[in-house]
Amino acid sequence: MKHADPNADVPREVELKLHLPPGSRAILEASSYFVGAESTQQHLVTTYFDTAEGLLDGAGLTLRVRRSGDALTQTVKSRAAGRSVASDRSEWEWPIRQDHPDSGCLAGVKELAGIAKAIDGRLQPLFVSDIRRSTRLLHLEGGTIVEAAFDEGCIVAGVGREPVSELELELKGGHVGPLYQLAADLHALAPFWISPESKASRGWRLQRGRGDGAQKAHAPRLGRNIGAAEAVHDIIGAGLGHLIANIGPTLQGDPEGLHQMRVAMRGCRAALRLFMPYLDAVVARELNAEFRRFGHTLGVARDWDVFVLETLSAASTGLSANQLQALQHAGQRERRKANSAVKEAVQGHDFTEVILRLAGWLEAELAKSRLFGDGCKEHGAQSLVPEVLDRAASRTRKRARHAGRLSAEDRHLLRKSLKRLSYAVGHLAGPYRRRTVKTYRTRCATLQRKLGAANDAAVTRRLAVGLVADEDPALAEAGGALASWSDRQSRKALKGLGRATAKLFEARRFWV
């Protein structure tokens, strides 16, 4: 899986990183997967290097020198590509003779030659990981080989120190599907949760006092001739990658990380619903229902984040200082409760189970050519695009009838249908004329903004009323004032809703 030949394909590392709570390792090592498998013990002391201004980190790279006994290895890795649950990144390794990096090694690799010149003579040690590793090579079905490594130790950056207790499953050969099945089987035996944050990222967080931050979605590039099954695999895989990339920021309390997790979960659900007619409907519905459940937990926390961090500030001119303080205090209390529920869910059994199940299902069905039934490899994605977009557009049009007179509930349903339509257009419009697609997407976005603003106002009213119902009478006046403000915002947002809806459906369906 790794090499440094400049004339060969870029070496890749495909790895699933799992956080182990106390007691889990002993249970896992007693399982049939590990009993009888020869283990290798190593003491790994790894120093991470960069320039003072972080040139490597800014370029999405890490450089480390690892000592194991008398052997020294220099490694450069890229950031994970975010294609699915398992991290997928470029990796180059060289044996070296000294404790300090040799930037000349990088110069011999096409992808690293530019940065090699910039960092030459400027590297300095930043943080260290000290790990006791127990490694086993597992041979799985279909010729898949996985290296399972239990890591125990710590990361040290200045005065900062963080313990490490994790299991890394790295694909050494074969397909990634059995790796996910292995993780699912192990998860059934002992608790753990997916923790995609690398040791380098954790070291940077200790040194800087902050993590990498939230990651936005990156739509996969679908080739014109890609098969239908491969397209769905890549679209949902990108959604899973987006979801996993934001676990770390969310657990660290980053509101944007939580927001991006919610966006990613909605994206996965949208893809499952869009392509459900071609999938195993029973499995797709079960997965969609599980994602909906977790999406609700994320949604409650997101609502309180927006309420406390954005809404109260926007509404402050219509509230007295005492009213604002009362709402802020009550809102912060609810926000803490909601965010605690998110952390509990993300680190809980069911969340990890459904993520591994979806990832494994995609890989297994694609490998067996069953995702779209018999002959799916010959079924081009573009042949399905008109049907998929037609169905999404028709559902949205149906919900948009008499848009100006819709109830709040019906507007919410229209907004969800419109989001799925926008999602489908964003992923499937690649081969069509940009100008026509842009017009359609712009009109979708205009209608979405109106419906989104009206929905935000409705959420504000609901939360304000809820606070009044649960609190002492002193909050009643403040809640009433905020509810009145949200009503005004809703009326403002809904002005021109009918016209914005009509303009969308006047736009030519570019896929016809």
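Notebook: rings, then helices

I count two rings of Phe, Tyr or Trp (its six-membered ring) as a pair if their centres lie within 6.5 Å; planes under 30 degrees apart are stacked, over 60 edge-to-face, the rest tilted. This is a predicted model, so I keep in mind that local features need pLDDT of at least 70 and side-chain atom pairs 80 or more, while totals for chains, interfaces and linings use all residues. Residues are numbered from 1 along each chain as its sequence is written, and side-chain values use heavy atoms, with hydrogens and water left out.

Entry 1: aromatic rings

I get nine aromatic pairs by that rule. I looked up Tyr432 with Phe510, and the pair is edge-to-face, 5.3 Å centre to centre with 65° between the planes. Tyr432 sits in the loop between helix H14 (408–428) and helix H15 (434–470), and Phe510 in the segment after helix H17 (497–506), so this pair ties together parts 78 residues apart in sequence. My helices (H or I, at least four residues) are DSSP runs, numbered from the N terminus, as are strands (E, at least two).

Is Phe510 buried or exposed? Phe510 is buried at a relative accessible area of 5%; I call under 20% buried, over 50% exposed and in between partly exposed (1.4 Å probe, protein chains only). Next I checked Tyr440 against Phe510: the ring centres are 5.6 Å apart and the planes at 80°, so I log this one as edge-to-face too. Tyr440 lies in helix H15 and Phe510 in the segment after H17, so the pair ties together parts 70 residues apart in sequence. Tyr440 counts as buried as well, at 1% relative accessibility. Ring pairs link Tyr432, Tyr440, Phe510 and Trp511 into a cluster.

Entry 2: H9 and its partners

Axes here are lines fitted to C-alpha atoms, for helices over the stretch in contact, and angles run from 0 to 180 degrees between N-to-C directions. Among the H7 residues in the contact (heavy atoms within 4.5 Å) are Ile235, Gly239 and Leu243, and on H9 they include Met261, Ala264 and Cys268. The H7–H9 contact residues divide into eleven nonpolar, three polar and no charged.

What angle do H9 and H14 pack at? I read about 85°, with the axes 10 Å apart, and therefore these two are roughly perpendicular. Arg266, Arg273 and Leu274 are among the H9 residues here, and H14 brings residues including Arg415, Lys419 and Tyr423. By class I have six nonpolar, one polar and five charged residues in the contact of H9 with H14.

Entry 3: H6 and two positive phi values

I find seven of the ten residues of H6 (residues 199–208) buried, so this helix is largely enclosed by the rest of the structure. Lys199, Arg202, Trp204 and Arg205 are among the buried ones. Gly209 follows H6 and has a positive phi, near 85°.

His402 has a positive phi of about 55°, although it is not a glycine. I placed His402 in the loop between helix H13 (385–399) and H14, and His402 is exposed, with a relative accessible area of 56%.

Technical notes: Ala, Val, Leu, Ile, Met, Phe, Trp, Tyr, Cys and Pro count as nonpolar, Asp, Glu, Lys and Arg as charged, and the others, Gly among them, as polar. Angles under 35 degrees count as roughly parallel, over 145 as roughly antiparallel, 65 to 115 as roughly perpendicular and the rest as oblique.
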